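Thank you all for coming.

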Amino acid sequence: MNENYDGEILDKEMMQMLQDAFCGADHVYAVCMGQTKEAVTKAYGSEEDWKFIREQLGTKGYEDFWHSLLGDGIENVLEQTTDCPYAKVCGLAIRLSDKTKAVWIVIGFLREKMQADDEIPAGIMTTTEEHYYKSLELLDTISRQYFSAKLGELMLMKEFRKSRDSERIMETELKRSLTMTNIVRMLESEESFIVTVEEILKETCGYLSLTDAELIRKNKEDDTLEIICTYENSKDTESKRIKKEKIGAAEDCPYFTGKPYMISSDTVLKAAFKQFFAKEAIQAAIYLPIEVNGHTEMYLSFCERSEKRNWSMDEIKFVNDVKRIIQSVLTKRIAQNSLASSYASLDAILENVGCGIYVWDPKENKILYANQSFHEFFPTEEKEEELMRILKGGCAYTEYYVPDSSRWFDVRSSKIQWVDGRTVVLYTIYEVTDKKLYQQKVERQANNDFLTGLYNRMRCEHDLQHFIKQTKEIGGQGALLYIDLDDFKHINDGLGHQYGDVLLQAVSHNLQRIPGIESTCYRMGGDEFIIIVTHSQYNMLKNILEEIRGIFMKPWFLKGRDYYCTMSMGVVCFPMDGDRVDELIRKADIAMYQAKKTGKNRIEYYDETIESTSIKRLDLENKMRSATLDACKEFTVFFQPIVGVDGECQGAEALIRWKSEGMGLISPTEFIPLAEYLGLIHPIGDFVLEEACRHLKYWNDMGHPDYQVNVNLSVVQLLQNDIVDKIKKVVEENRIIPHNLVLEVTEGLAVNDMTRMKQILAEIKQLGVRVALDDFGTGYSSLNHIREMPLDIIKIDRCFIIDIGKDEFSESFVKMVAELAATIGVIVCVEGVETKEQYEALSKMRIQQIQGFYYDRPMQAELFEEKYV
């Protein structure tokens, strides 16, 4: 159930009616308590009755249940022992979707337990023990039915609200589409340049509800600025004339630098901008340069003066599209209506308007233009032809549904004059799938490993916690077996990953066939497995170990031959060796590691003497846990510049650094693998992503709209079920341009999990975020994976650069990757460039980006911004 309904689903009036009817009929006393310990209902009975109850039981007799039952444990009924021999007190937790919604405290006075000398006030209700428990069961059933019905009602209300919100979004999209269509028509306007631009500014201000917009030009003679086009929502034309006369020197205008500025009300301003905004009474503004013959001669100014405003990504994209159109109009006039020049400018605009564009000549029944977005929407000729049959029916607006991909589109048409003067039909196509589909996304499978079918790590931890508790309650023993395949990497490298996958599947199948552990086998990742021997099967532990050992005594038939692959195992018993999930897994891992160290193909039981060799690791683990719990304050994000082959900075890679208060500076190669093992990479990774996006927003706003920031994602982070939602949330909260965020993944992610990785990376790219393959050439993936994976950038590892220009293999490898990348339209970035000789050798190849000490080392954000921003 959605957590947002917790406050709505508990109807106090209805709960009071339920309680009064129940207590009156069953002669018991009850009160309902909510999640914050407050009483949801008024306790049933008179003040005299409850005075007698408190005398017999005390407040502890029922309030303790709130603490015991509020959690999400297994028990939903608890009984409280009291000093009153004839009193019965039970707590009943009402849960839906494993969440406690209310706790009933039910008190009964049992007639068969009363003695002749017990003094019972008149009016006190009594019952029998049998009737008391039946009443408790009835209350549980009625409460659950009530909550289920209430939940259904609230879900229907949510769907209604969602539908209403979607209609508003569709209206906004329609308004934007119509506005952009009107602005695009200005490309063929026969009016003067000033009149045409003023009409465009009017449309823009109307759509975005802006205070004013201006086109400002610099006079070369006296280096002053003047407004040549303007539009204001105010009808006071006199104020416009006075305003034009007050435009001063270019040096007094902080934004006339040739760079774009997108300044929201919450942007941290430098002194010059702060003074300028105060003087002009500006709350937020966007300034975009207009070039004439390659030089910035004009600026577009969009201002909001009446109220605070933070620019959204859609608004910034819209005004940039407007800027391109005005630039195109200006270029067209300068080129004296050159058809070739106009078409090139129009093509640049239509490729970046954010919707599908299709231009059709009805007289010749000929397609004149279709942009890349259109081809992405309809990748097959059959779907394109089907859509065209619908479009040519003459409707100005239609909706189109693609069943194969379950996608919806809004399609609008209008007649315009094409660049060569002919009358054509312009179709604009927007995807509106999210507005047409109201059902929630189906939750991904969370419990099973995709390759082997075994339970995964998350399910293992959940089950182990349950078995530990169960074993402690009955006073028994259980065992945890941690298995790691010996030299599994040799199978992968020698035969290929597909045969490594076959081996993992065969091992899993054989483990599940062993009696006693059929349903308690888990794959923890890679070639690691855990088996839980429960208390009921603990007497079979010796046989189970022998069965497992026997599995690995036989060869595995792979690729037409027999191959031997042994295993090392660590065994830990619970609760003797520990009663916490993380503690037991850690100790089993230590025992397994000891088996590896002592020759492999062995079984080692956990011994405290083994752990003495892991003191440093445990100390590092504790320090890391403390550091992550303290909001990652000991961690710092450094930035290393990423430079184009022309020497211009294009952005930076975000790199985590940890200076522990107790252990000093710790190398990332030491603490990052441990963080992944412990699951602490999630808060650390979230911290790096948030910091990187925060700085990226500042760089983009302050004159570098194309700067990118690269953030590394580990395999543990990438395989989170909510990783795409996390990235989307950070992008939206920081209001960054998604294209400027690059997420780096390593080749090792391709091992055994290519299908899932491609799916996750494809969802990330749908957000507009770019993906880079890091450390290429050092991992497991083949060249074929480059073609399969949805990549934007390939980063060649530094080991291939050290001897570049001297070693023929290194040089040939880099050239081969560069040629391959160029063929599939992927950027190549080379890491580890440290010398001038390496740079000169690379500059002759088809390399786009360079990173390394030759330009700069990783540095703190302040120093990076001082040097490059």
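Let me begin with a convention: two strands are said to pair if DSSP finds at least two bridges between them, while helices (H or I, at least four residues) and strands (E, at least two) are DSSP runs, numbered from the N terminus. What you see is a predicted model, in which local features need pLDDT of at least 70 and side-chain atom pairs count only at pLDDT 80 or more, whereas totals for chains, interfaces and linings use all residues. Residues are numbered from 1 along each chain as its sequence is written, and side-chain values use heavy atoms, with hydrogens and water left out.

The sheet I will take up now is an open one of 5 strands in the order β6-β5-β9-β8-β7, with antiparallel pairing. Its edge strands are β6 (224-232) and β7, each of which pairs on one side only, and the twist from one strand to the next averages 20°; for this and every later angle, axes are lines fitted to C-alpha atoms, for helices over the stretch in contact, and angles run from 0 to 180 degrees between N-to-C directions.

Within that sheet, I would draw your attention to strand β8 (residues 284-292), which is largely enclosed by the rest of the structure, because 8 of its 9 residues are buried; buried here means under 20% relative accessible area, exposed means over 50%, and partly exposed is in between, with a 1.4 Å probe and protein chains only. On one hand, strand β7 (residues 261-263) pairs with β8 in the antiparallel sense over 3 bridges, and isoleucine 263 has alanine 285 of β8 as its bridge partner. On the other, β8 pairs with strand β9 (residues 295-304), again in the antiparallel sense, over 9 bridges. Alanine 285 stands opposite cysteine 303 in β9, and tyrosine 287 has serine 301 of β9 as its bridge partner. The hairpin of β8 and β9 has 2 residues between the strands, and asparagine 293 takes a positive phi near 55° there.

As for the helices on this sheet, helix α5 (residues 193-208) lies across β5 (212-219), β6 and β9, running at about 55° to β6, where contact means heavy atoms within 4.5 Å. Helix α7 (residues 271-280) also packs on the sheet, touching β7 and β8, and its direction makes about 110° with that of β8.

Turning to another sheet, we have 5 strands forming an open sheet in the order β16-β17-β15-β20-β21, with mixed pairing. Here β16 (521-525) and β21 (603-605) stand at the edges, each with a single partner strand, so one side of each is left without a neighbour in the sheet. Strands β15 (residues 478-485) and β20 (residues 567-574) run antiparallel and are joined by 8 bridges, with glycine 478 having phenylalanine 574 of β20 as its bridge partner. Helix α16 (residues 541-551) lies across β15, β17 (528-533), β20 and β21, at about 10° to β15, while helix α17 (residues 581-597) touches β15, β16, β17, β20 and β21, with its direction at about 145° to that of β20.

Glu461, Leu464, Gln465 and Ile468 in α13 meet Val581, Leu584 and Ile585 in α17.

By comparison, helix α21 (residues 681-701) and helix α28 (residues 861-868) pack at about 20°, with their axes 12 Å apart, and are therefore roughly parallel to each other. His695, Tyr698 and Trp699 of α21 make the contact with Ala861, Phe864 and Glu865 of α28.

Finally, the two residues: is serine 177 buried or exposed? Serine 177, in helix α4 (residues 129-185), is buried, with a relative accessible area of 2%, and it touches Arg412, Thr428 and Tyr430, not counting residues up to four places away in sequence. Glutamate 837, in helix α27 (residues 836-843), counts as exposed at 53% relative accessibility. Glutamate 837 and glycine 805 are 32 residues apart in sequence and 7.5 Å apart in space, C-alpha to C-alpha.

Terms used
Angles under 35 degrees count as roughly parallel, over 145 as roughly antiparallel, 65 to 115 as roughly perpendicular and the rest as oblique.
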